[in-house]
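Please keep the sequence and the model in view while reading.

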Amino acid sequence: MKKEWAKEGIQHQGTHKPCVLKGNWRKKRMQLEPEKARGGGRAQRSARGAELPRAHWSMRRKDAWVPGSRLAKQAAHHRPLLPGQPRKPAGVGEGWGGIAATAAPALRETAGREGGRELGGQPPPPFLPQWAQPPTLTSPPSAGARTPPNPVAPLAPTPRPRQRQPPATTAAAAWLGRGPAPRAPHPTEVARMELWPGIWPVLLLLFLLLLFLLPTLWFCSPSAKYFFKMAFYNGWILFLAVLAIPVCAVRGRNVENMKILRLMLLHIKYLYGIRVEVRGAHHFPPSQPYVVVSNHQSSLDLLGMMEVLPGRCVPIAKRELLWAGSAGLACWLAGVIFIDRKRTGDAISVMSEVAQTLLTQDVRVWVFPEGTRNHNGSMLPFKRGAFHLAVQAQVPIVPIVMSSYQDFYCKKERRFTSGRCQVRVLPPVPTEGLTPDDVPALADRVRHSMLTVFREISTDGRGGGDCLKKPGGVGDARL
Ligand SMILES: CCCCCCCCCCCCCC(=O)SCCNC(=O)CCNC(=O)[C@H](O)C(C)(C)COP(=O)(O)OP(=O)(O)OC[C@H]1O[C@@H](n2cnc3c(N)ncnc32)[C@H](O)[C@@H]1OP(=O)(O)O
Ligand SMILES: CCCCCCCC/C=C\CCCCCCCC(=O)OC[C@@H](O)COP(=O)(O)O
């Protein structure tokens, strides 16, 4: 502010904070004396060069602001001149109106000359120090305003009721007291206002419409039912994740948090009427690290997975899941390992790090070796990362097979009903003594055993639905 004043050739008079000497002001003023003697005193001299009276150094004193007081008159006398402002005896045109009246011609001229091109012909707001800017020409400055009180305010003859000024288009217009007159609403606007019933009736109508439409769609269209169920599944997981996050955050990123997620997800099978049957759980090695590999049909795998998830076991997931809102954050807090499938080198190095962690921190890892979801009722060729991992760490592989969902779920047909699913834990496959060269054979062997079981458990019971009869169904799965 001070710099801008200096640019404009305006010297402030000590009416602003920077000039107020706090504390021992006599001593501070004495320190300023030599500068004043050289004639370079900035704060001590008014625009006219006259030494300022003591009142200027103590403008915080309340009496200095009393209109008409001696100090106020002294301050008015030393009011700086604005460019083009004629000299005028103090007392004439005092107060905001007085200042505006004396400075207005010069400022209007400056505004018209310099600001016309910037504001499209409108005079720009003239630069005025804060004390010289009249808030409005019609209303006196409010008592609660943050601008300093005017030292030259006239003795208010009759307090006028406060009037609300219409918003001015430019600061210059506001300063000149020529704000635009309040605009009368156009007749079309009035008509629109009368027709528009308000937002709440419209929302209520929409709500009632939904209330009628959703059950109709639910009962009449299996496809709509499928979409509702899937939407609810994802939404519910996102919601549960929101609840899980603060609980998990207490421990920070920790594999033990996976237990919390597991407990929170266990009930979902009841919501969907899916009976999950677990067999072979005794095959889990009791207390040692291992790598779990399982088939991957859909995001519904989460239900079977949570049913058998061993302690200190974390899944390896695609990196994109990290950005799935609250679910991503919950996964991160539970120690889920994220890999970038587009960068093989990075994914492999992450897997190698995991091999170390398995041993040092006694954790288990759950991998979907197909690398993506597979809806065709078979199993894709296995990627080898999980097997390299097990061989590097020399830990067993525990294959888990989830039976086909096709008797209750088929994405192609948009079918999602209640049903049952079997989760079979197969005996662990040891990897001691194996080398990276043995990985392809190991992966094939494990896949073969899993596919055999998959066919076995998917075709028994109710025998599957329509999807199974299509090419690529369980019956066509190649060993
Ligand atoms: C409440 C809230 C709850 C939220 C939910 C919580 C639960 C969340 C559940 C989330 C569930 C989420 C579920 C999901 O997100 S599933 C999707 C993500 N998971 C996976 O992709 C895992 C399976 N993929 C692999 O294992 C791949 O192999 C990787 C990803 C590693 C590389 O794949 P990529 O396709 O890029 O390459 P490639 O497989 O052709 O391999 C290339 C070459 O590299 C060799 N190689 C590979 N690995 C290693 C190694 N370690 N050391 C040494 N060498 C290695 C390999 O033998 C091959 O060489 P060669 O054999 O051809 O000579
Ligand atoms: C603010 C961002 C909001 C994002 C909303 C994202 C909606 C996601 C909602 C819920 C997340 C549910 C987490 C379920 C975890 C299931 C993991 C899963 O099945 O991932 C698929 C992956 O294996 C293979 O992916 P692709 O088949 O290759 O594709």
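Q: What is the area of the nonpolar surface patch that includes W196, I199 and W200?
A: In this predicted model, the nonpolar patch is made by W196, I199, W200, L203, L206, L209, L210, F212, L213, L214 and L217. I199 is found in helix α7, residues 199-220. The area of the patch is about 1200 Å².

Q: Is I199 buried or partly exposed?
A: Residues under 20% relative accessible area count as buried, and those over 50% as exposed. The value for I199 is 48%, so I199 is partly exposed.

Q: Which residues gather in the patch of positive charge on the surface?
A: One member, K383, has its place in the loop between β5 (364-367) and α14 (385-393); because its relative accessibility is 55%, K383 counts as exposed. Another member, K318, is in strand β3, residues 313-318, and at 32% relative accessibility K318 counts as partly exposed. The patch is formed by K318, R341, R373, K383, K411 and R414.

Q: What distance separates the C-alpha atoms of K318 and I337?
A: K318 belongs to strand β3. Along the chain, K318 and I337 are 19 residues apart. Their C-alpha atoms are separated by 8.4 Å.

Q: How many aromatic pairs does a search of the whole structure find?
A: Ring pairs link Y226, F227, F232, Y233, W236, F239, Y272, Y409 and F416 into a cluster. For the whole structure, the number of aromatic pairs found is 13.

Q: Which kind of aromatic pair do Y226 and F227 form?
A: A pair of aromatic rings is described by the distance of the centres and the angle of the planes. At 5% relative accessibility Y226 counts as buried, whereas F227, at 45%, counts as partly exposed. The ring centres of Y226 and F227 are 5.5 Å apart and the planes are at 75 degrees, so the pair is edge-to-face.

Q: How many residues apart are Y233 and Y272, which form an aromatic pair?
A: The rings of Y233 and Y272 form an edge-to-face pair, with 6.1 Å from centre to centre and 85 degrees between the planes. Y233 lies in helix α8 (residues 222-249) and Y272 in the loop between α10 (268-271) and β1 (274-279), and the pair links distant parts of the chain. The two residues are 39 residues apart.

Q: Are Y233 and Y272 buried or exposed?
A: A relative accessible area under 20% counts as buried. Y233 has a relative accessibility of 1%, and the relative accessible area of Y272 is 6%. Therefore Y233 counts as buried, and Y272 is likewise buried.

Q: Which residues of α11 are buried?
A: Helix α11 spans residues 301-308. This helix is mostly covered, since 6 of its 8 residues are buried. The buried residues are D301, L303, G304, M305, M306 and V308.

Q: What is the phi of R312?
A: Most residues other than glycine have a negative phi. R312 has its place in the loop between α11 and β3, and its relative accessible area of 26% makes R312 partly exposed. Although R312 is not a glycine, its phi is positive, at about 50 degrees.

Q: What is the phi of Q394?
A: Q394 is in the loop between α14 and β6 (397-402). With a relative accessible area of 31%, Q394 is partly exposed. Q394 is not a glycine, yet its phi is positive, at about 55 degrees.

Q: Which residues are linked with R312 in a network of salt bridges?
A: R312 forms a salt bridge with E256, in which the closest N and O atoms are 3.0 Å apart. R312 lies in the loop between α11 and β3 and E256 in the loop between α8 and α9 (257-265), so the pair ties together parts that are 56 residues apart in sequence. The residues linked with R312 in the network are E256 and K259.

Q: How far apart are the closest N and O atoms in the salt bridge of K342 with E320?
A: At 70% relative accessibility K342 counts as exposed, while E320, at 36%, is partly exposed. The closest N and O atoms of this salt bridge are separated by 3.6 Å.

Conventions. Residues are numbered from 1 along each chain as its sequence is written. Chains are lettered from A and ligands numbered from 1 in the order in which they are written. This is a predicted model: local features need pLDDT of at least 70, side-chain atom pairs count only at pLDDT 80 or more; totals for chains, interfaces and linings use all residues. Side-chain values use heavy atoms; hydrogens and water are left out. Patches are made of residues with over 30% relative accessible area and no salt bridge: like charges are joined within 9 Å, nonpolar side chains (Val, Leu, Ile, Met, Phe, Trp, Tyr) within 5 Å. Accessible areas come from the Shrake-Rupley method with a 1.4 Å probe; for residues, only the protein chains shown count as cover. A salt bridge is a side-chain nitrogen of Lys or Arg within 4 Å of a carboxyl oxygen of Asp or Glu. Lys and Arg count as positive and Asp and Glu as negative; His and the chain ends are not counted. The place of a charge is taken as NZ of Lys, CZ of Arg, CG of Asp or CD of Glu. Helices (H or I, at least four residues) and strands (E, at least two) are DSSP runs, numbered from the N terminus. Buried means under 20% relative accessible area, exposed over 50%, partly exposed in between (1.4 Å probe, protein chains only). Rings of Phe, Tyr and Trp (its six-membered ring) pair if their centres lie within 6.5 Å; planes under 30 degrees apart count as stacked, over 60 as edge-to-face and the rest as tilted.
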